[in-house]
Amino acid sequence: MQYPLGRMSDNIDRRIVIAGLAVFGLVACLVAMLPLYGHPWFIYLTMFAFGGLVFPLYALCLAHANDNTDLSVMEVGSGVLMMNSLGSVFGPLVVSSLFAYTEQALFIVSAVSFSLLAFWTIFRINFYQADREHYAPFVSVSKTTHEVIEVGIDPEEEEVNQAEHAH
């Protein structure tokens with residue numbers, strides 16, 4: 001899902017894509033809590049939908065943050081990665097502590113998180129204009145680019161050096 005959603009976010013406001021992911025993620029969590037969870041096909045489908053909606057969020061949020069800042073890519077990436085890491089640490093702690101009360105803890109915590117993200121993103125869409133002054137759509141480049149020539153590295157010479165070191 002990262003590729004089509006990333007392409008979509010190149011054409012429309014990334015916040016709309018993020019809000020849509022959050023809303024559909026909330027729906028996937030609510031559907032996953034239905035009493036059909038004992039059937040393997042239902043588990044496979046809901047977890048596919050859940051993962052397909054969760055995994056692109058980091059990349060989309062990072063791209064949106066980079067589009068709307070004067071900070072360096074490294075500074076923004078570090079901040080977004082730190083927030084993602086905090087969620088990766090505290091999320092499992094919260095979910096595992098709630099498993100004592102319900103086996104649906106993962107979906108409850110995720111539904112709350114998706115709800116908060118959806119409300120926050122929709123609030124930001126309605127009250128703050130995204131400038132996108134640093135926005136640049138994704139451009140596919142070949143494996144060997146002209147930057148190799150600009151830094152003075154000869155790709156053929158590099159292959160010979162790598163082959164010599166391999167022996």
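Q: How many helices and strands does the protein chain have?
A: The protein chain has 7 helices and 0 strands, where helices (H or I, at least four residues) and strands (E, at least two) are DSSP runs numbered from the N terminus. This is a predicted model, where local features need pLDDT of at least 70 and side-chain atom pairs count only at pLDDT 80 or more, while totals for chains, interfaces and linings use all residues. Residues are numbered from 1 along each chain as its sequence is written, and side-chain values use heavy atoms, with hydrogens and water left out.

Q: Thanks! What share of the protein chain is buried?
A: Buried residues come to 26% of the 167 residues. Buried means under 20% relative accessible area, exposed means over 50%, and partly exposed is in between (1.4 Å probe, protein chains only).

Q: Which residues form a nonpolar patch on the surface?
A: The patch consists of Val23, Val27, Val31, Leu34, Leu36, Trp41, Leu45 and Ile122, which together have about 670 Å² of accessible area. Two elements give two or more residues to this patch: helix H2 (14-32) and helix H3 (40-67). H2 gives the most, with 3 residues.

Q: How is a patch like that picked out?
A: Patches are made of residues with over 30% relative accessible area and no salt bridge; like charges are joined within 9 Å, and nonpolar side chains (Val, Leu, Ile, Met, Phe, Trp, Tyr) within 5 Å. A salt bridge here is a side-chain nitrogen of Lys or Arg within 4 Å of a carboxyl oxygen of Asp or Glu. The areas come from the Shrake-Rupley method with a 1.4 Å probe, and for residues only the protein chains shown count as cover.

Q: And where does Leu45 lie?
A: Leu45 lies in helix H3. Leu45 counts as exposed because its relative accessibility is 54%.

Q: New topic: how many aromatic pairs are there?
A: The structure holds 6 aromatic pairs. One of them is Phe123 with Phe127, a tilted pair at 5.0 Å centre to centre with 40° between the planes. Rings of Phe, Tyr and Trp (its six-membered ring) pair if their centres lie within 6.5 Å; planes under 30 degrees apart count as stacked, over 60 as edge-to-face and the rest as tilted.

Q: How are Phe123 and Phe127 placed in helix H5?
A: They are 4 residues apart in helix H5 (residues 105-127), so about one helical turn separates Phe123 and Phe127.

Q: Why is the pair of Phe123 and Tyr128 edge-to-face?
A: Because their planes are at 65°, with the ring centres 6.2 Å apart. Trp120, Phe123, Phe127 and Tyr128 form one aromatic cluster.
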